[in-house]
Amino acid sequence: MTLLELADVTASYGPVRVLEGVSLSVPDGGAVGILGANGAGKTTTLRAICGTVRADGRITFDGRDLRGLRPDQVAALGIAHVPEGRGTLGRLSVLDNLRVGAYLRKDRKAVSADVEYCLDLFPQLRARLSSSAAALSGGEQQMLAVARAFLARPRLLLLDEASLGLAPGTAKTVYEAIGRLRRESGIAMLVVEQNANLAFTLVDTAVVLETGRTVLTGTAAELKGMDEIRRAYLGG
Ligand SMILES: Nc1ncnc2c1ncn2[C@@H]1O[C@H](COP(=O)(O)OP(=O)(O)O)[C@@H](O)[C@H]1O
Ligand SMILES: [Mg+2]
């Protein structure tokens, strides 16, 4: 079943149109990558889904039209966003950041179990529970941002460049944990990533954006086999 569907989505900042026709679909429980150069419109695509930029075209989640909804309404439907730059609350402790992620939930016992699960998934966070988020390393902040989004128990996780600014080993650790989260939770994922090698460890299919348009869609294996993808995104 299709969980999220974008068809011919356009979006603008003021008079400047930056999405010209983005189409993609994420199956329930599936993981889809968005690849593309800087400025291609990857972040704006996630914003169009979240309702933080006005968009036209078709955007449906579980059959429901998302256009015109406020960001909090989109979140309440089960879409959690890990934005570019992570968006953790620097002055709050790690534990409080996790609690903020679960603020809409009433099942306190299940929330505690999910906090424990996140600390098992990201053991580095356990030792830092009472530290302020601002005091964490970049990798730890990224882990916290993913854990916080998971604590909302979304059906779909939007990840924006989770590897940005991280050392290669740390980026790999973060992606391995996200892969485990995907296998164990079945949460669907839409994964924006400039590092296609990492993205392909997580996603089943991907789309390529160029200047606000979807120009290619394929399975990870198909895309990895294409010369133009290898040259542009895989370092050879
Ligand atoms: N808040 C904004 N106001 C105006 N233009 C923006 C804004 N954010 C992004 N843009 C422009 O929109 C285009 C797409 O940006 P973005 O979606 O951030 O691309 P990507 O995430 O693929 O790097 C770029 O040309 C960028 O300069
Ligand atoms: Mg971006």
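Arg67 is partly exposed, with a relative accessible area of 34%, where partly exposed denotes the range between buried (under 20% relative accessible area) and exposed (over 50%), computed with a 1.4 Å probe and protein chains only. The side chain of Arg67 meets that of Asp65 in a salt bridge with an N to O distance of 3.1 Å; a salt bridge is defined as a side-chain nitrogen of Lys or Arg within 4 Å of a carboxyl oxygen of Asp or Glu. The model is predicted, so local features need pLDDT of at least 70 and side-chain atom pairs count only at pLDDT 80 or more, whereas totals for chains, interfaces and linings use all residues. Residues are numbered from 1 along each chain as its sequence is written, chains are lettered from A and ligands numbered from 1 in the order in which they are written, and side-chain values use heavy atoms, with hydrogens and water left out.

**Salt bridges**

- The whole structure contains 18 salt bridges.
- Asp65, the partner of Arg67, is partly exposed because its relative accessibility is 38%.
- Lys172 and Glu176 form a salt bridge whose closest N and O atoms are 3.2 Å apart.
- Lys172 and Glu176 are 4 residues apart in helix H7 (residues 168–185), and therefore about one helical turn separates them; helices are DSSP runs of H or I with at least four residues, strands are DSSP runs of E with at least two, and both are numbered from the N terminus.
- In general, an α-helix has 3.6 residues a turn, so residues three or four places apart point the same way.
- Glu176 counts as partly exposed, at 46% relative accessibility.
- A salt bridge also joins the side chains of Arg182 and Asp204, at 2.9 Å from N to O.
- This pair links distant parts of the chain, with Arg182 in helix H7 and Asp204 in the loop between helix H8 (196–202) and S9, 22 residues apart.
- Arg182 is buried at a relative accessible area of 17%, whereas Asp204 is partly exposed at 37%.
- Through shared partners, salt bridges join Arg54, Asp56, Asp65 and Arg67 into one network.

**Ligand 1 and its surroundings**

- The residues around ligand 1 are Tyr13, Val18, Ala37, Asn38, Gly39, Ala40, Gly41, Lys42, Thr43, Thr44 and Arg47, a residue being near a molecule if one of its heavy atoms lies within 4 Å of it.
- By class, this shell has 4 nonpolar, 5 polar and 2 charged residues; Ala, Val, Leu, Ile, Met, Phe, Trp, Tyr, Cys and Pro count as nonpolar, Asp, Glu, Lys and Arg as charged, and the others, Gly among them, as polar.
- A polar backbone atom of Gly41 is 3.0 Å from an oxygen atom of ligand 1.

**Helix H1**

- Helix H1 (residues 42–50) contributes 4 residues to the shell around ligand 1, the largest share.
- Because 8 of its 9 residues are buried, H1 is largely enclosed by the rest of the structure.
- The buried residues in H1 are Lys42, Thr43, Thr44, Thr45, Leu46, Ala48, Ile49 and Cys50.
- Gly51, which follows H1, has a positive phi near 85 degrees.

**Backbone angles**

- Most residues other than glycine have a negative phi.
- Asp8, although not a glycine, has a positive phi of about 50 degrees.
- Asp8 is found in strand S1 (residues 2–13) and counts as exposed at 54% relative accessibility.
- Thr211 likewise has a positive phi, near 35 degrees.
- Thr211 is placed in the loop between strand S9 (205–210) and strand S10 (213–219), and is exposed with a relative accessible area of 64%.

**Surface patch and loops**

- Leu89, Val100, Tyr103 and Leu104 make a nonpolar surface patch of about 380 Å²; patches consist of residues with over 30% relative accessible area and no salt bridge, with like charges joined within 9 Å and nonpolar side chains (Val, Leu, Ile, Met, Phe, Trp, Tyr) within 5 Å.
- Leu104 is located in the loop between helix H3 (94–101) and helix H4 (108–121), and is partly exposed at 49% relative accessible area.
- Ser137 belongs to the loop between helix H5 (123–126) and helix H6 (138–150).
- Ser137 and Thr170 are 33 residues apart in sequence and 10 Å apart in space, C-alpha to C-alpha.

Key:
Polar contact = N/O pair within 3.5 Å; in protein donor to acceptor, adjacent residues only side chain to side chain. Areas by Shrake-Rupley, 256 points an atom, 1.4 Å probe, with all protein chains shown as cover.
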